[in-house]
Amino acid sequence: MIDHETIGLLLKGINNVTWQSIVMLGVSFVLMYLAIVKDYEPLLLLPIAAGCMLANLPLSPLIADDGMLKLLYNLGVTNELYPLLVFVGIGALTDFGPLLENPRLILIGAAGQFGIFLTLILALLIGFTPNEAASIGIIGAIDGPTSIYVSGLLAPHMLGPITVAAYSYMSLVPIILPPIMKLLTTQKERQIHMAYSSRKISARTRIMFPIVVTVLVGTLVPFATPLIGMLMLGNLMKESGAVERLTKASAAEIANTVTLFLGLAIGSTMVGTDFLKPSTLAILVLGIIAFAVDAGAGILFAKVLNWISGGKVNPLVGAAGISAFPMAARVVQRVAQEEDFENFLLMHAMGANAAGQVASVVAGGVVLALMGAGG
Amino acid sequence: MENLAWGLQMTVLGMGLVFALLALLWALLMLVLYLDKEPKPPMSAHESHAEAERIAAVADDAIGAQVPEPPTVNGMPADLVAAILVATMKHKLTLRRQAAPIMRTYWPGSQLFASRWVAAGRARQNYTWQPRGR
C-alpha cells in the first residue's frame, strides 16, 4: 500500500512550487524567446535562461552545494575566471586598426564612460551602498565581461540582474541608440562628412599596441590589469600571427565553452527569492539610464571636437564611444546614411568604438581602484 | 547629502582619471605612429567603408556582439530564396497558360494567352494564300 509519506515524497516537487519560482520560470521563458526568436545575444541569453529555469525548478539539486550549477559558479565566477577568458576571445576578434589610424578618437571613448559615474550617484541617492552603486554604474560600460568582473568583486549578490541588464542592453543597441543620436544632433550635423586618414598601420605598430596599452594601463591602474591584460593578450596573439591555433581556439572553442559555463552560472544566481526584489527593477532602470547617458556624453563630446576642429567631426561618431563593438559603429553608419546616402562614417565610428572598448576596461579598473577592491 | 558629495567626488576623480589615462595613451600612440611612419595612398570613402565592414564582420563573432541575423534557408538568404520561388512560380504559370487549349477558359487555360499551337494555327488561318490583287 502507498502510505502518506510516499505520496508526500511523490508530490514533494509540486508542494515546493512557490510564486517566485513560477515568475522566474516566466522570466526564463522570456529570455529564451528573446534569444531564440528575436536573436538577441543568443550565445549568452540562452544559457542564462536555461540556468535560470533549472535553478528555479522546485528543490533543484543543481544549485545545491555540490550541484552542477553551483560548481560552475564556484569554478569561474567567484574567482573571475570566466569574464577574463571571454576577454581573450574578444581581443582575438578585435581589430584596433581604425583606432590606430585616428588615435584622437580615444578621447571619445573616455567621454563615453560618463554614464557609469552619473548612474553611481543616482544609485547612491536611491539608497544602494557605495559598492552596489558602483556595480550598477558599471552597466554603463556596455561591456558584459567588465560588468561581470566589477560587480563580481564589489557586489556578488547582484551579479544576476547586472549581467542580464548589461547583455540585454548590449543587444538592444540598434534600438536604443538611434533616438538618442537624433535627439542630440541636428540634421546638418548628421550630414557632416569626415576625411580619411592616409596613415598605414604597420604590423610592427599593431603588435606594439597591445603591449604598450597593457604596460601603461597595468602600471597606472593595477586594478585593470586582469581585464586589459587578457583583452590585449588576445589581440597580441591575433596581430602577431605567430600562434594562429591559439588565436582561433581563444576566439571560438574556449570562448564558446566559457560562455556556456558563464551563462549557466549567472542564470543559476537568478533564484526567485533573491531576484524578485524592488532592487532588481531599480538595477534595470538605472542600467538603461547609464547606457543613455554614456551615448549622450559621447555625442556631446564629439560636438565639442567638431567645434574645435571647425566642423570636421560628425557628432554621431560620439555615440560609438561605448563598448558594444562593432554594433554601435554600425548603428552610427546606418543613422548617418539615413540623412545622406553618400556619407561613409563606419571607419571613424569603428575607431571610436574600439576606443570605447579600451576605455570601458580602463573605467572598470578606475572604479575598482576608487572602491579599493580587486587588486 | 553625504552620499551625493561622495558620488560627485567619485565622478570628478573617476572621469578625470579615465581622461588622463586615455590622453596619455593617445600621446604614446602618436609617438609610436610617428616613429613607425608609413605613408599610404589616400583612401576613398567607398574603400574605407569596405575595409571597415571587413573588420566589423570579424568582430561580429565576438560574444556580446550578436545582432539579429537575417533569416536563411539552407544557407541562402531568405529574401533571395523567396525571389527565386516567385520567379519559378511565374515562369511555371506562363508555361501553363501558353500550353493550354484555346477553349479552356478555366484554370490553367486562358483566353488572353493562346497556346503556341493555337497561336501558330491562328497565324496560318490569317495568312492568305491568294496572291494580292486577285
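Two residues are in contact if their C-beta atoms, placed from the backbone, lie within 7 Å. On that basis, 50 residues of chain B are in contact with 67 residues of chain A. The structure is a predicted model, in which local features need pLDDT of at least 70 and side-chain atom pairs count only at pLDDT 80 or more, while totals for chains, interfaces and linings use all residues. Residues are numbered from 1 along each chain as its sequence is written, and chains are lettered from A and ligands numbered from 1 in the order in which they are written.

**Chain B and its side of the interface**

Helices (H or I, at least four residues) and strands (E, at least two) are DSSP runs, numbered from the N terminus. Helix H1 (2-35) and helix H2 (45-59) of chain B each supply at least two residues of the side that touches chain A. H1(B) gives the most to that side, with 23 residues. By class, the side of chain B that touches chain A holds 33 nonpolar, 9 polar and 8 charged residues. Here Ala, Val, Leu, Ile, Met, Phe, Trp, Tyr, Cys and Pro count as nonpolar, Asp, Glu, Lys and Arg as charged, and the others, Gly among them, as polar.

Chain B has 4 helices and 2 strands, in the sequence pattern α-α-β-β-α-α. Of the 134 residues in chain B, 16% are buried. A residue is buried if 20 or more other C-beta atoms lie within 10 Å of its own, exposed if 12 or fewer, and partly exposed in between.

**Helix H20 of chain A**

Helix H20 (residues 327-339) of chain A has 13 residues and reaches 19 Å from its first C-alpha to its last, close to the 18 Å expected at 1.5 Å a residue. The expected span is 1.5 Å times one less than the number of residues. Among the buried residues of H20(A) are Met327(A), Arg330(A), Gln333(A) and Ala336(A).

The axes of helix H13 (residues 173-184) of chain A and H20(A) come within 10 Å and cross at roughly 45°. Axes are lines fitted to C-alpha atoms, for helices over the stretch in contact, and angles run from 0 to 180 degrees between N-to-C directions. H13(A) and H20(A) are therefore oblique to each other; angles under 35 degrees count as roughly parallel, over 145 as roughly antiparallel, 65 to 115 as roughly perpendicular and the rest as oblique. The contact is made by Val173(A), Pro174(A), Leu177(A), Pro178(A) and Met181(A) of H13(A) and Met327(A), Ala328(A), Val331(A) and Val335(A) of H20(A). It comprises 9 nonpolar, no polar and no charged residues.

The axes of H20(A) and helix H21 (residues 346-371) of chain A come within 8 Å and cross at roughly 150°. Ala328(A), Ala329(A), Val332(A) and Gln333(A) of H20(A) meet Leu346(A), Ala349(A), Met350(A) and Asn353(A) of H21(A). This contact has 6 nonpolar, 2 polar and no charged residues.

**Single residues**

Glu132(A) lies in helix H10 (residues 130-137) of chain A. Leaving aside neighbours within four places in sequence, Glu132(A) is in contact with Ala123(A), Ala155(A) and Met158(A).

Most residues other than glycine have a negative phi. Glu80(A), however, has a positive phi near 65°, and Asn74(B) has a positive phi of about 50°. Glu80(A) lies in the loop between helix H5 (68-76) and helix H6 (81-93) of chain A. Asn74(B) is in the loop between strand E1 (72-73) and strand E2 (76-77) of chain B.

| Residue | Other C-beta atoms within 10 Å | Class |
|---|---|---|
| Glu132(A) | 23 atoms | buried |
| Glu80(A) | 18 atoms | partly exposed |
| Asn74(B) | 5 atoms | exposed |
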